[in-house]
Amino acid sequence: MNYPAIGERESYLLYHEELESLVQNFPTIRRARFWMTFGQEYLTHLRVIQDIGMARIDPVIYNGQEIIPIQFLKAVLPDPGTLGENYTGETSIGCRITGLDKEGKESTYYIYNNCQHQQAYKETGTQAVSYTTGVPAMVGAYMFLTGKWVMPGVHNVEEFDPDPFLELLAKSGLPWHVIENEDIELNDPIV
């Protein structure tokens, strides 16, 4: 994919829980996919962890004690919160929607936000992944507490009016941008 202001990156098709609620709440969706990028060094680390059995979730006996490898690995790895100071680069989070516009013509909209790790760390002491997770949650809570998002029952964010959310999101440090009718895929993905 060619991410705006970032450039070309290999992207991997993954499962993410939002896909379940989106297709339930918008039954006319014909295809919903979630893509994510990973650097080669990160993928190599994951491959090694898997290959040496440290990703296992079943107990093993070590020195007469039962341990779960992935829990042991978590105990010996650095706290992710301590790593933000050295992060560089930025996140790019977006949604690409293709459908019929008001005139019945097929259109594609890509709404996205880029967030720099170093700027997020400077502001909050966390890297951009934490920032881009926390700020939308805070804005959603504000929508609920101020009565902008209130419906009886349990609902997902896509069921509420997005306009006040997007307005406050931009004011809260995550400005968003829209690209119309441009394809960010560089070639046909392997599905």
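At roughly what angle do the axes of helix H5 and helix H6 cross? In this predicted model, local features need pLDDT of at least 70 and side-chain atom pairs count only at pLDDT 80 or more, while totals for chains, interfaces and linings use all residues. Residues are numbered from 1 along each chain as its sequence is written, and side-chain values use heavy atoms, leaving out hydrogens and water.

Helix H5 covers residues 128-145 and helix H6 residues 162-171; their axes come within 10 Å and cross at roughly 130°. Axes here are lines fitted to C-alpha atoms over the stretch in contact, with angles from 0 to 180 degrees between N-to-C directions. On the H5 side, the contact (heavy atoms within 4.5 Å) is made by Val135, Pro136, Val139, Gly140, Tyr142 and Met143, and H6 brings in Pro164, Phe165, Leu168 and Leu169. Sorted by type, these residues come out as nine nonpolar, one polar and no charged, with Gly counted among the polar ones.

Then there are the loops. Most residues other than glycine have a negative phi. Alanine 5, though, has a positive phi, near 65°, and sits in the loop between strand S1 (2-3) and strand S2 (7-8). With 71% relative accessibility, alanine 5 counts as exposed (over 50% relative accessible area, 1.4 Å probe, protein chains only). Asparagine 63 also has a positive phi, near 50°, and belongs to the loop between strand S5 (60-62) and strand S6 (65-67). Asparagine 63 is exposed too, at a relative accessible area of 67%. Helices (H or I, at least four residues) and strands (E, at least two) are DSSP runs, numbered from the N terminus.

Technical notes: Buried < 20%, exposed > 50% of the residue type's maximum accessible area, 1.4 Å probe, protein only.
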